[in-house]
Protein chains: 2
Amino acid sequence: MIQDYLKGQTQLINMYLEQYIPKGEPKILFDAIEYSLKAGGKRIRPILVLESAKTLKEDIDIKNFIDIAISTEFIHTYSLIHDDLPAMDDDDLRRGKPTCHKQFSEAIAILAGDGLLTYAFELISLNKNLSAEKLLKIINILSHNVGIYGMVGGQAGDILEDFKDIDFIHLNKTAKFIQACCQIGAVIADATPEEEDKLKNYGKHIGIAFQIWDDLLDEIGDPSKLGKKVNKDKEKNKITYPSIYGIEKSKEMAYNHINQAISYIKDLKNPQILIQIAEFIVSREV
Amino acid sequence: MIQDYLKGQTQLINMYLEQYIPKGEPKILFDAIEYSLKAGGKRIRPILVLESAKTLKEDIDIKNFIDIAISTEFIHTYSLIHDDLPAMDDDDLRRGKPTCHKQFSEAIAILAGDGLLTYAFELISLNKNLSAEKLLKIINILSHNVGIYGMVGGQAGDILEDFKDIDFIHLNKTAKFIQACCQIGAVIADATPEEEDKLKNYGKHIGIAFQIWDDLLDEIGDPSKLGKKVNKDKEKNKITYPSIYGIEKSKEMAYNHINQAISYIKDLKNPQILIQIAEFIVSREV
């Protein structure tokens with residue numbers, strides 16, 4: 001079962017993550033960082049870095065680049081902290097626990113996010129196993145796709161009430177970061193330009209499907225199974241796939257992206273796990 | 001006159017900066033970034049990158065690394081945007097103009113800051129003139145000194161009312177970033193480890209002096225000459241050098257740091273400009 005495999009990988013990432021949690025002063029800043037990193041989550045981005053590399057090189061030693069994988073979770077955590085701020089999505093709870101600014105303060109949450117983002121690049125720059133060329137390329141891919149031409153741009157579109165381009169928002173807010181994780185895995189595993197492009201496209205399409213499915217879960221999901229509130233998008237007047245296309249058409253579009261994603265990577269050396277991850281994304285109960 | 005020279009360098013940086021201002025969608029995000037980058041300032045950090053390199057190699061071609069210099073101003077601008085937020089220093093005006101969150105919105109200001117920080121690393125990763133090893137080292141120096149072990153950590157100390165270690169705050173909030181700029185200039189100009197260390201120490205000590213002098217300007221400066229309000233630290237109950245050591249002792253301590261800074265670099269190849277910059281920092285009228 002892919003779920004069991006992913007659970008194991010989440011535990012593996014959590015074990016390594018623990019070793020990379022930074023310590024220092026002022027204590028409350030580092031407490032906020034640790035609290036947010038340990039708030040849970042499936043660690044899907046680091047897993048995609050590992051699995052994309054393993055798709056090309058089955059027995060690649062993940063110890064040589066686990067820090068790179070972990071850095072993507074640092075960036076994801078920063079984005080959640082800032083997204084939850086009162087001026088942004090204004091969420092008090094995440095995964096049943098107080099959000100960073102609720103547990104600490106708004107100022108500390110802003111700084112913890114800034115610190116996690118910056119530390120992600122520091123972590124990558126400290127890797128001693130990959131060549132400087134590769135590390136620089138990884139930094140380029142990551143900074144491009146989580147910044148103004150990726151996640152930050154998408155998040156801006158998402159919070160602007162008069163910005164109505166849902167495809168821009170999904171692509172930039174969610175898909176580009178996931179795409180970057182898959183591309184980074186490819187770079188680590190010495191991908192040819194064609195292989196890199198295939199994994200990049202796989203990441204883009206599962207990323208878009210992932211966000212469409214999240215929209216669906218928020219619209220018609222069962223809060224007791226999801227462990228979180230639903231209908232938050234509606235309350236916040238957010239534009240979503242189901243609000244534009246309806247439930248059935250949205251599902252169909254998500255399946256199409258998953259099929260496209262799989263078509264890109266099915267002829268790579270060991271595509272089985274990535275295929276199952278793709279299928280899993282649109283099997284989450286709505 | 002060093003002031004005239006620095007004014008020329010500020011204009012030079014502004015000319016190049018203009019070329020590096022990113023464009024894109026959503027427009028308001030990019031407008032906020034451009035607005036904040038053009039809000040003025042002396043561009044002292046990029047100037048220190050250039051001048052530190054020129055101290056070792058007088059005729060070095062700055063076109064090969066002007067993007068690196070500009071990236072430090074992007075990071076400085078991000079830090080100002082986030083520092084001004086209501087949850088942080090809550091400033092409505094900066095250099096006589098509305099702060100980013102006042103001109104746009106808090107959400108856009110948070111994202112503009114996040115975007116500028118991330119784009120700084122992207123800019124560095126895109127440089128085609130320096131080796132990957134050098135660029136990676138520059139990213140390491142910068143991320144370390146502006147992150148949790150530098151500026152972000154110092155800023156956290158600064159906003160925490162029960163955090164009283166003024167030297168930690170000055171070193172981390174202000175000096176480490178300035179130190180990083182000088183060290184980066186050294187790396188660019190193929191410094192020996194000793195030369196790199198000297199420029200690093202120069203940067204640290206002018207950075208500390210710079211912050212002590214800023215405390216003094218806020219305490220006893222003439223608002224009409226400074227172009228900004230004074231006594232803001234007192235209003236915000238902030239710990240400062242004059243509040244601990246008094247005016248005269250603070251001045252003396254700033255001069256000491258300047259002398260130390262100069263002692264580190266006076267035997268390098270072309271130290272004249274850096275010496276004058278150091279002296280200028282503690283000649284600003286209080």
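Trainee: What is the accessible surface of chain A, and what share of it belongs to carbon and sulfur atoms?
Mentor: This is a predicted model, where local features need pLDDT of at least 70, side-chain atom pairs count only at pLDDT 80 or more, and totals for chains, interfaces and linings use all residues. Residues are numbered from 1 along each chain as its sequence is written, chains are lettered from A and ligands numbered from 1 in the order in which they are written, and side-chain values use heavy atoms, leaving out hydrogens and water. Accessible areas come from the Shrake-Rupley method with a 1.4 Å probe, and for residues only the protein chains shown count as cover. For chain A the area comes to about 11300 Å², and the carbon and sulfur share is 49%.

Trainee: How many helices and strands does chain A have, and what is its radius of gyration?
Mentor: Helices (H or I, at least four residues) and strands (E, at least two) are DSSP runs, numbered from the N terminus; chain A has 15 helices and two strands. The radius of gyration is taken over C-alpha atoms, and the globule rule is 2.2 Å times the number of residues to the power 0.38. For 286 residues that rule gives 19 Å, and chain A comes close to it, so it is as compact as a globular protein of that length: its radius of gyration is 18 Å.

Trainee: What percentage of the residues of chain A count as buried?
Mentor: Buried means under 20% relative accessible area, exposed over 50%, and partly exposed in between (1.4 Å probe, protein chains only). Chain A has 286 residues, and the buried part is 60%.

Trainee: How many residues of chain B are in contact with chain A, and how much area do the two chains bury?
Mentor: Contact means heavy atoms within 4.5 Å, and 48 residues of chain A meet 48 residues of chain B in this way. Buried area is the accessible area (1.4 Å probe) that two parts lose on being put together, summed over both. Carbon and sulfur atoms hold 76% of the area buried between chain A and chain B, which is about 4100 Å².

Trainee: Which three residues supply more than any other three of the area that chain A buries against chain B?
Mentor: Together these three give 15% of the area on the chain A side. They are Thr118(A), Leu136(A) and Ile148(A).

Trainee: Why is helix α2 of chain B described as largely enclosed, and which helix of chain A does it pack against?
Mentor: Eight of the eleven residues of α2(B), residues 27-37, are buried, so the rest of the structure largely encloses this helix. Among the buried ones are Phe30(B), Ile33(B), Tyr35(B) and Leu37(B). The buried residues pack against α1, α4, β2, α5 and α6 of chain B, and in chain A against α8 (151-159).
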